[in-house]
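Subject: Structure for your review

Dear colleague,

Please find below the structure that I promised to hand over. My notes on it follow directly after.

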Amino acid sequence: MDALSRAGPRPRRAAAAAAAAAASPLPWGRFAAWIDCVCVVTFDLELGQAMEREAAHYFGYVYFRQVKDSSMRRGYFQKSLVLVSRLPYVNLFQCLLQLIAPEYFDKLEPCLEAVCNEIDQWPPPVPGQTLNLPVMGVVIQVRIPSRVDKPGSSPVKQCNQENLLPAPLVLPSVHELDLFRCFQPVLIHIQMLWELMLLGEPMVVMAPSPTMSSEMVLALTSCLAPLRYCCDFRPYFTIHDSEFKEYTTRTQAPPNILVGVTNPFFIKTLQHWPHILRVGELRMSGDLPKQVKVKKLAKLKTLDTKPGIYTCYKTFLHKDKTLIKRLLKGIQRKRPSEVQSALLRRHLLELTQSFIIPLEHYMASLMPLQRAITPWKNPPQIRPFCQEDFMKSLEHAGPQLTCVLKGDWLGLYRRFFKSPNFDGWFRQRHREMTQKLEALHLEAICEADIVAWMKDKSEVEIVDLVLKLREKLVRARCQHLPVKEETLQRVGLYIDTIIGSLPEDLQTVLHHP
């Protein structure tokens, strides 16, 4: 059995950190670009699983082995091999575990050491590159996703195989799950689940196994792409987790988090949560997988509670019956699961884009005009986001232009404004726009006549300019602002030119701050 556990929000700079680690001359630098550590965990009846977690957040990829053993207290040998990484590459690391875990349980530490040495020779996970990763006589071929990838683009294509023997094991994606397989029991409710994820509602997924729990949680968080899911999520949560008391208390509202569990005990302890999805083993009802029903929370009382979505939530948008018909037709025609997944992913992508495009357009309208940016003044401020102004803009530039779904779009936006997902989206867009303003300001400085500006300026004003330009240059490099290297070099030359015009004592101070 393999599962995925996780602590905290998705890492923002995992790829950058990985590249930095790979460039490090320190021992195990390349290994650290992919994996932070490998853990062997023996199950303890009193403690359960227990690990020191740092302030940072990681993904844990788990291969669990349970074998009958009469010498053990419960009659079973139970141990897990865990790969801990900042990278959310679930398909890659689960594939890796399937290769190395059986060998580890047979040959123990020497096998693990050999594998770690092989991983330490891997190239760094640079976004946009297709890589060949050798391990245990197998070459895994993957493409590292990039922010510039088009949503829904085709999977990795095999390349550079003529020199690879045996042929590589090609993973179409390092991180995208088979959405159709994950969502089979809830296909007719995909609209409701999308809304709950969009609004960052507290939700529990109860599943019969850690694998099903983990995959359902990860599938739910991915259904908002390209919008980032900004709430916390735990693909596999247990009673031994440190937040157990916080999540089960009834003295405060549940946090904005998506939790996956398997222990039936949670049915009682999490009854106060507003949305609970209980899924069972997959069963067929004719051609369509048996679909769970929406039920009232009051019916969630016993440990043998039937599968269903237990919630009082009423959707803002009408259900898309066309999608269900297309998926059903695909099942009847025995269409491959990856094709069904692509169809489902495309539908969710278009739905999210229809929702987010009006927000993007309105946000862009808050950007100051380029002609308002002058070299010798601080860049103008981005205008504040006014919710009411945005709502008015929907009359002529709303989601109805790109989406056929009817419903209360205005109500959905108002709820979205209160969610962590809006806060995360707004902060990211505001940060990007601020960086763009900084970049435009640097370009304006490069186009200015600095010598003419300096003619009637005092030494104090000129030194102040030098310090500010230096600060801008450092910030541009540290924050990787969208500025051409040529522009940064010109600003550096301008600084040198200005310093060269000052008295020698000031030049000495400024050259050696």
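Predicted model: local features only at pLDDT ≥ 70, side-chain atom pairs only at ≥ 80, totals over all residues.

Strand E5 and strand E6 (residues 138-143) run antiparallel and are joined by six bridges. As a general point, the strands of a sheet pair through backbone hydrogen bonds, in a parallel or an antiparallel manner.

**Salt bridges**

How many salt bridges are there in the structure? The count comes to 21.

One of them joins arginine 86 to aspartate 36, with the closest N and O atoms 2.3 Å apart. This pair links distant parts of the chain, 50 residues apart: arginine 86 is in the loop between strand E4 (76-85) and helix H3 (90-107), and aspartate 36 is in the loop between helix H2 (29-34) and strand E2 (37-42). Arginine 86 is partly exposed, at a relative accessible area of 29%, and aspartate 36 is also partly exposed, at 30%.

A further salt bridge is found between the side chains of arginine 234 and glutamate 243, at 3.3 Å from N to O. Here arginine 234 is buried, with a relative accessible area of 6%.

Arginine 429 forms a salt bridge with glutamate 360, and their closest N and O atoms are 2.7 Å apart. Again distant parts of the chain are linked, since arginine 429 lies in helix H14 (residues 420-447) and glutamate 360 in helix H11 (residues 337-365), 69 residues apart. Is arginine 429 buried or exposed? At 17% relative accessibility, arginine 429 counts as buried, because the limit for a buried residue is under 20%. Glutamate 360, at 24%, counts as partly exposed. Both residues belong to a network of salt bridges that links Arg147, Glu360, Arg429 and Glu432.

**Aromatic pairs**

The structure holds 29 aromatic pairs. Phenylalanine 244 and phenylalanine 266 form one that is edge-to-face, with 5.9 Å from centre to centre and 70° between the planes. Phenylalanine 244 is in helix H8 (residues 244-248) and phenylalanine 266 is in helix H9 (residues 266-269), so this pair ties together parts that lie 22 residues apart in sequence. Both phenylalanine 244 and phenylalanine 266 are buried.

Phenylalanine 355 and phenylalanine 416 also form an edge-to-face pair, at 5.0 Å centre to centre and with 85° between the planes. This pair links distant parts of the chain, with phenylalanine 355 in helix H11 and phenylalanine 416 in helix H13 (residues 409-416), 61 residues apart. Phenylalanine 355 is buried, with a relative accessible area of 0%, and phenylalanine 416 is buried, also with 0%. One aromatic cluster includes Phe355 and Phe416; among its other members are Trp194, Tyr362, Phe385, Tyr413 and Trp425.

**Helix H17**

Helix H17 (residues 485-500) has 16 residues, which at 1.5 Å a residue should span 22 Å; the end C-alpha atoms are 23 Å apart, in agreement with this. Which residues of H17 are buried? They are Thr487, Leu488, Val491, Gly492, Tyr494, Ile495, Ile498 and Ile499. These residues cover an arc of only 155° around the axis, and therefore lie on the same side of H17. In general, an α-helix has 3.6 residues a turn, so residues three or four places apart point the same way. Glu486 and Leu493 are exposed on the other side of H17. The buried residues of H17 are covered by elements that include H14, helix H15 (450-454), helix H16 (459-478) and helix H18 (504-511).

**Glutamate 438**

Glutamate 438 is placed in helix H14. Its relative accessible area is 15%, and glutamate 438 is therefore buried. Leaving aside residues up to four places away in sequence, glutamate 438 touches Pro379, Lys472, Arg475 and Leu481. Asparagine 378 is 60 residues from glutamate 438 in sequence, while their C-alpha atoms are 9.1 Å apart in space.

With kind regards

Conventions: Residues numbered from 1 in each chain as written. Heavy atoms only, no water. Salt bridge = Lys/Arg side-chain N within 4 Å of Asp/Glu carboxyl O. Helix = DSSP H or I, 4+ residues; strand = E, 2+ residues; numbered from the N terminus. Buried < 20%, exposed > 50% of the residue type's maximum accessible area, 1.4 Å probe, protein only. Phe/Tyr/Trp six-rings, centres within 6.5 Å; stacked < 30°, edge-to-face > 60°. Expected span 1.5 Å × (residues − 1). Arc of directions from axis to C-beta. Contact = heavy atoms within 4.5 Å. Pairing = 2+ DSSP bridges.
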